[in-house]
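Let's walk through this protein together, from the whole fold down to a single residue. Keep the structure open as you read.

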Amino acid sequence: MQEHTAFSEGAGQAHPLGWPSRQLKDAYTSIVQLQNGCLQLRVEHNTLKGVTAEMLDWWFSVFVSQRVSYRGDVKKAFLFWHPQDHVDIRVSDDKALRPLRVGDEFYVGEMFGGDPKLQSRERVWVSKRDTAGFHVCLKRAGVRIGSICYNFQDVPGGVDVVTEATLGFERGLAKTLLNNFIARLSFNMGMSDPWLLHNVQEFGYLQQFLPELFSKRAQGNVIVLEDRG
């Protein structure tokens with residue numbers, strides 16, 4: 001198991017709206033190799049205060065298509081969520097204005113730490129979405145090669161979230177051999193700490209605006225947020 005203390009988190013990570021920016025020390029993070037050879041990146045987040053599992057379930061049902069208006073600027077909620085790292089997110093037109101369901105696919109682009117060398121563009125499928133968690137799977141050539149799971153648990157005053165990203169072949173007779181010799185070679189370990197930091201920051205930022213967004217969800221696809229300046 002690897003705990004993360006040496007990674008330079010950079011000075012340019014302040015949120016444009018002045019929101020507190022969580023750092024790796026604000027969560028328990030680890031990287032482990034499972035018995036089947038898969039790599040697992042895990043984040044145990046500090047409690048998201050004022051947030052509930054119901055809010056998170058709603059957020060992940062709409063975060064691909066939801067838009068927000070802030071100070072007259074209308075943009076995708078995904079871009080508002082983490083302006084430095086989030087690049088784009090989209091779903092096919094026939095699903096654009098309905099909540100995500102199990103089996104839906106969408107495309108997500110990110111650039112960790114704003115570094116063009118640390119770009120991620122993935123096509124993912126929803127495998128679980130309810131008040132207990134939001135899970136997606138990653139595929140290559142139709143073969144599942146990983147998953148990202150966000151698990152929620154309501155606690156007094158907020159919600160606890162655990163993120164688990166599993167990279168490698170989770171099924172098949174030769175999965176351990178493939179993971180030990182192929183999956184590890186194909187995964188850029190230089191992205192592990194930036195990804196962990198990104199995930200820690202995402203949920204810290206979500207705490208800042210999700211309660212208001214959820215309370216105004218009746219506004220529909222474009223929700224107007226109060227100016228906090």
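Start with how the chain meets itself: among contacts between residues at least 6 apart in sequence, 60% join residues at least 24 apart. Please keep in mind that this is a predicted model. The secondary structure comprises 12 strands and 4 helices. Of the protein's 229 residues, 48% count as buried.

Now find helix α4, which runs through residues 192-215. From its first C-alpha to its last, this helix of 24 residues reaches 35 Å, close to the 34 Å expected at 1.5 Å a residue. Follow α4 along to Phe209, and you will come to a kink of about 45°, shortly before the proline Pro211. How much of α4 is enclosed by the rest of the structure? The helix is largely enclosed, because 21 of its 24 residues are buried.

Next, turn to strand β10, which spans residues 143-155 and contains Ile145. Is Ile145 buried or exposed? Its relative accessible area is 17%, and the cut-off for buried is under 20%, so Ile145 counts as buried. Look for Gly168 as well: Ile145 and Gly168 are 23 residues apart in sequence, yet their C-alpha atoms are 4.9 Å apart in space.

Conventions. Residues are numbered from 1 along each chain as its sequence is written. This is a predicted model: local features need pLDDT of at least 70, side-chain atom pairs count only at pLDDT 80 or more; totals for chains, interfaces and linings use all residues. Side-chain values use heavy atoms; hydrogens and water are left out. Helices (H or I, at least four residues) and strands (E, at least two) are DSSP runs, numbered from the N terminus. Buried means under 20% relative accessible area, exposed over 50%, partly exposed in between (1.4 Å probe, protein chains only). Contact means heavy atoms within 4.5 Å. The expected span of a helix is 1.5 Å times one less than its number of residues. The bend at a residue is the angle between axes fitted to the seven residues ending there and the seven starting there.
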